[in-house]
Structure formats: structure tokens, C-alpha cells
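This report covers ligand surroundings, aromatic pairs and backbone geometry. The structure comes next.

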Amino acid sequence: MLVFGGTGDLALHKLLPALYHLHREGRLHADVRILALARSSHSREAYQALAERHCRAQVARADFANETWASFAARLDYFAMDAAQSADFGRLAKRLGRDDARVRVYYLATAPSLFEDIAAHLANAGLAGPAARIVLEKPIGHSLESARAINTAIGAVFDEARVFRIDHYLGKETVQNLMALRFANALFEPVWRAGHIDHVQISVCETLGVENRGGYYDKAGAMRDMIQNHLLQLLCLVAMEAPVRFDAEAVRNEKVKILEALKPISGLDVQDKTVRGQYTAGKIGGHDVPAYYFEKNVDNDSDTETFVAVQVEIDNWRWAGVPFYLRTGKRLAKKASEILIQFKPVPHRLFHEGEANQLLIRLQPEERISLQLMAKNPGKGMHLKPVELDLNLANAFNQQRRWDAYERLLLDVIDGDSTLFMRRDEVEAAWQWVDPILQGWHQHYQSPRPYPAGSDGPEQLQHLLERHGRHWA
Ligand SMILES: NC(=O)C1=CN([C@@H]2O[C@H](COP(=O)(O)OP(=O)(O)OC[C@H]3O[C@@H](n4cnc5c(N)ncnc54)[C@H](OP(=O)(O)O)[C@@H]3O)[C@@H](O)[C@H]2O)C=CC1
Ligand SMILES: O=C1O[C@H](COP(=O)(O)O)[C@@H](O)[C@H](O)[C@H]1O
């Protein structure tokens with residue numbers, strides 16, 4: 001496995017800890033070797049020390065043992081090169097030697113602006129043989145046009161079956177559980193549609209700010225960083241039809257149909273259906289945090305959004321008239337990723353009180369599925385109270401440790417299973433819907449609304465639902 005961007009945030013905080021866990025649990029074949037690549041110069045030992053420092057910080061103390069680390073580090077090496085320079089790929093090819101039968105995974109944990117160069121240089125250096133696979137991190141490009149250019153350049157070297165476009169949300173257990181819940185339980189299917197569901201809320205709220213990723217984030221913003229990929233993928237899993245088989249093509253065919261059915265939001269519609277925000281100074285966990293525009297590598301007059309909420313409609317038979325409200329933001333009051341399915345009230349209110357059912361699928365911080373039902377309050381009279389049928393997935397399976405999303409996805413890449421990866425047409429369909437919103441914001445100069453760090457987001461967020469008599473969970 002060759003990790004381009006091996007000294008970056010993603011590699012050190014996510015990929016190497018995930019590989020360490022796989023190694024520790026005996027899930028990596030003995031032959032697997034990991035070569036980290038970046039421009040900065042490090043000896044093998046210096047890189048191993050850097051990786052160890054980060055892995056120690058990421059991995060629970062009980063899971064980190066010096067001997068296990070030593071055996072993992074024996075797989076780990078470093079190669080300094082500039083991925084934009086074709087000559088450096090010649091050096092890389094020499095270093096790797098010819099071995100066409102060996103599966104090579106190129107993991108591109110770099111900015112997407114390098115993807116096209118890397119694919120072309122790999123091909124020219126004879127490193128993209130039939131056993132090679134490539135993993136692309138999101139976001140793929142910054143617009144439909146740039147995504148198409150990247151996909152075309154990658155497709156010229158790697159056929160689609162060998163391209164793994166990663167969206168780590170698809171590797172989360174609860175996200176996969178969403179498919180199990182919908183397609184392995186008979187009771188939900190009859191009510192999973194417009195006639196019974198009032199609306200759906202999909203929220204990914206973070207307390208973190210942009211940390212040390214200001215340079216990237218300030219050019220991307222929440223729409224490209226989160227909505228274009230993670231939140232639209234969650235929406236697809238909630239809304240798609242049952243695939244005929246659980247395999248890569250069938251699942252992705254259904255997801256792409258949803259993306260193609262998203263009602264476009266363009267021009268002045270953006271003012272009605274979207275809310276953009278940017279955090280100002282505030283408090284998180286009792287500590288003062290600076291405004292976004294004072295973060296490292298962020299422009300002082302930046303108008304990049306750190307918060308987005310959108311009202312989405314799906315133009316198909318199942319979902320006609322059912323709004324899907326998406327929201328995501330940084331520096332919010334609490335970390336919570338969840339999907340709320342709000343059912344319609346019963347058709348005849350026998351008890352003159354009571355609330356409509358809700359199904360809450362919580363992805364983070366804990367993995368939970370909870371169905372809110374109405375029950376009789378004990379005692380005299382017929383008074384109702386909402387109660388929860390609550391399933392804590394970690395407890396239900398009595399697992400010692402839940403897998404991190406990257407562990408699952410890295411194993412799938414090694415196994416060549418692309419079910420949980422995005423196909424080219426999915427990524428492009430998502431951009432096709434996102435681009436007009438970005439253009440609408442630009443044309444109608446919809447600058448981000450300020451919200452204090454530690455709050456729930458900009459005031460306008462409430463209005464998006466309240467005007468329809470609804471409330472955020
Ligand atoms: N960080 C995260 O949590 C997530 C990141 N991503 C995506 O992953 C990708 C990487 O993100 P992140 O790790 O945060 O970025 P960083 O800026 O932290 O890391 C970038 C890496 O690329 C290397 N690099 C830059 N230019 C070159 C070059 N010309 N040749 C070789 N190596 C180069 C850098 O090392 P050097 O400067 O030494 O060359 C560094 O190792 C991005 O596309 C991002 O959107 C996706 C999901 C989550
Ligand atoms: O892809 C990204 O995801 C993280 C949030 O991931 P999570 O697994 O912690 O929910 C986000 O912080 C980051 O900005 C984005 O690039």
C-alpha cells in the first residue's frame with residue numbers, strides 16, 4: 001500500500017491507526033507492506049517515529065503495545081518524492097522493482113489537484129499494471145467540471161473496477177446498519193414512503209473547528225467538504241430503493257437514481273432553501289475559541305461557510321412532497337451525527353393527545369437506533385407519553401471495540417470490494433446538484449450568516465423548518 005500524502009493529517013490520524021488496528025487483530029496478510037510518500041525528507045526510522053507518535057495518540061492505551069508496534073513498524077517505510085514530478089516516479093519504480101502480479105494499492109491522501117498528475121505519472125512509470133488499485137479521497141474536485149476532469153484522467157489509467165472513491169461515512173457501522181434496518185426488516189418497508197413519513201432530518205454536527213486544515217478548508221467550505229459527499233451519501237441510503245443484490249453495481253445503481261432525482265436548487269431558490277453560516281468567536285467545552293477568520297491559514301476576510309443547512313426534495317414516486325433537511329457545521333454546541341425519520345401522526349386521534357412516531361438513527365458519538373412510540377402513562381386516565389425502544393448497537397453485539405470506518409474500508413480495498421465506494425457517476429451526479437447552489441450563493445452574494453462557536457448555528461436555521469411547522473430534533 002503506497003500512501004501519497006503519508007505525512008499529512010489524514011494519513012497520520014486515520015489511515016495509519018486503522019492499519020495498526022488491522023495488523024494487531026491479524027487482519028493484514030503477512031506480505032502487506034506500507035510505503036508512505038511525501039515531499040519532506042525523513043529517514044525510515046524518523047518516519048516510523050513520527051507514525052508511532054501519532055498512533056499512540058490515536059489508539060486507546062489498552063490497544064497499544066510496544067511489541068505489536070514493533071512488528072507493525074517493520075511493515076512501514078518512507079520514500080521522499082514530489083508527486084507532481086514525473087522523474088520521481090522513475091525513482092519510485094526502481095525502488096519498488098517490477099512485480100506485476102503483486103497487488104499495489106495507491107492511496108491518494110493528498111489534495112485532489114494532484115490526482116491527475118499522480119495517475120498519469122504512475123502509468124508512464126509502468127506502475128499501473130492490472131493488479132494496481134487507486135484510492136481517491138473526497139472531495140473529488142471542487143466542481144462538476146473539475147470532478148469530470150479528474151475522473152477522466154484516472155479512468156485513462158485505471159478501469160472503474162480498480163478505482164476506489166472513498167467516503168468514510170460509508171465505512172461507519174451504523175451507516176451500513178441503515179441498509180440492514182431497511183432491507184432486512186419487513187416492518188419498515190410499507191411505511192418508508194411519502195404517505196407515512198412527514199420529513200427526514202440528516203445532521204452532522206461537529207464541535208471541532210478547522211484545526212490545522214485551514215488552507216484546504218477555506219477553499220472548500222462545508223458544502224464541498226461535507227454535503228457533496230457524506231450527507232448526500234446518507235440521504236441516498238435513507239431514500240434509495242432496495243437493490244436487487246447486495247453488490248457494488250446494484251447498490252450504486254440505486255444510489256445514483258436518488259442523486260439524479262434531487263430537485264435542483266438554483267438562482268434565487270438558494271435564499272429560500274439554504275442557510276450558510278460561519279462561526280464567530282465563542283466557547284466550546286468552557287474554553288474560548290477564535291472566530292473562523294482568525295484560524296490558521298484562513299483569510300481574514302474569508303466568506304467560506306462553516307455551516308450549511310439545505311431543504312432537499314426528491315422528485316420520485318416514493319418521496320414526492322417529503323422534505324429532507326440536511327445540516328452540518330463546525331464549532332457547534334455538541335457533536336452528533338444522526339438521521340431522524342419523522343413519521344406522520346395517526347390518521348384519527350383517538351386519545352386527543354400524543355405525538356407522531358420518530359425513528360432516530362444515531363451514528364455518533366454513540367451508535368444507537370431508537371424508535372419513539374406513544375405509551376400510556378401509568379395510573380388513572382388515558383394519558384400518553386413518548387417512550388423509546390432503544391437499541392445500543394455496541395452493547396447489543398457485546399463488542400470490545402467498534403471498528404473505525406477506515407479499517408473496514410481499507411480491508412475492502414485490499415479485497416477488491418467496491419460496494420461501499422462511490423462510482424464515477426455518483427460523484428458527478430452529486431456535483432451536478434451542488435454546483436448550482438454554489439453558483440446561486442455567488443450570484444446573489446449570499447454571504448455566510450455569523451453564529452457564535454458553541455451555538456446551534458445561525459438563527460436562520462430555525463426558520464427553514466419552522467415556517468412549515470416543524471422543528472429540528
Ligand atoms: N484530514 C482529514 O481528516 C480528511 C482529509 N480528507 C482528504 O484527504 C486529502 C488529504 O488531506 P489531509 O491529510 O488533511 O491534508 P494535509 O495537508 O495534512 O496533507 C497533505 C499531504 O500531501 C503531501 N503533499 C503535498 N504536496 C505533495 C506533492 N507535490 N508530492 C507529494 N506529497 C505531497 C504533504 O506532505 P509534504 O508537504 O511533505 O509533501 C502531506 O503529506 C485531502 O484531499 C482531504 O480533502 C478527507 C477526509 C478527511
Ligand atoms: O471528511 C471529513 O469528515 C470529518 C468528519 O468526520 P467524522 O467521522 O469525524 O464525523 C470532518 O471533520 C472533515 O472536515 C471532513 O473533511
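## Ligand 2

Lys172 sits over the face of Tyr169, 4.6 Å from the ring centre; a charge counts as over a ring if NZ of Lys or CZ of Arg is within 6 Å of the ring centre and within 35 degrees of the ring normal. This is a predicted model, in which local features need pLDDT of at least 70 and side-chain atom pairs count only at pLDDT 80 or more, while totals for chains, interfaces and linings use all residues. Residues are numbered from 1 along each chain as its sequence is written, chains are lettered from A and ligands numbered from 1 in the order in which they are written, and side-chain values use heavy atoms, with hydrogens and water left out.

Both Tyr169 and Lys172 belong to the shell around ligand 2, which also includes Lys138, His168, Arg213 and Gln364; a residue is near a molecule if one of its heavy atoms lies within 4 Å of it. Helix α8 (residues 214–239) gives the most to this shell, with three residues; helices are DSSP runs of H or I with at least four residues, strands are runs of E with at least two, and both are numbered from the N terminus. By class the shell has two nonpolar, three polar and seven charged residues. Here Ala, Val, Leu, Ile, Met, Phe, Trp, Tyr, Cys and Pro count as nonpolar, Asp, Glu, Lys and Arg as charged, and the others, Gly among them, as polar.

A polar side-chain atom of Lys172 is 2.7 Å from an oxygen atom of ligand 2. For the side chain of His230, an N or O atom lies 2.7 Å from an oxygen atom of ligand 2, and for that of Lys330 the distance is 2.9 Å. Taken alone, ligand 2 exposes 390 Å², of which the protein buries 85%; accessible areas come from the Shrake-Rupley method with a 1.4 Å probe.

## Ligand 1

Ligand 1 is surrounded by 23 residues, and the closest are Thr7, Asp9, Arg39, Ser40 and Ala83. Eleven residues of this shell are nonpolar, six polar and six charged.

Polar backbone atoms approach oxygen atoms of ligand 1 at 2.8 Å from Leu10 and at 2.9 Å from Thr110. A backbone N or O atom of Lys138 is 3.1 Å from an oxygen atom of ligand 1. The protein buries 80% of the 890 Å² that ligand 1 exposes when taken alone.

## Aromatic pairs

The structure holds 17 aromatic pairs, counted between rings of Phe, Tyr and Trp (its six-membered ring) with centres within 6.5 Å; planes under 30 degrees apart are stacked, over 60 edge-to-face and the rest tilted. Phe188 and Trp192 pair edge-to-face, 6.1 Å centre to centre with 75° between the planes. Phe188 and Trp192 are both buried; buried means under 20% relative accessible area, exposed over 50% and partly exposed in between (1.4 Å probe, protein chains only).

Ring pairs also link Tyr217, Tyr279, Tyr292, Phe307 and Tyr451 into a cluster.

## Backbone geometry

Most residues other than glycine have a negative phi, and most peptide bonds are trans. The bond joining Lys138 and Pro139 is cis, with omega about -10°, and Pro139 lies in the loop between β5 (132–136) and α6 (144–155). A cis peptide bond also runs from Gln364 to Pro365, with omega near 0°.

Asn297 has a positive phi, near 65°, and is exposed because its relative accessibility is 53%. Arg331 also has a positive phi, near 55°, but is buried, with a relative accessible area of 11%.

Methods. Polar contact = N/O pair within 3.5 Å; in protein donor to acceptor, adjacent residues only side chain to side chain.
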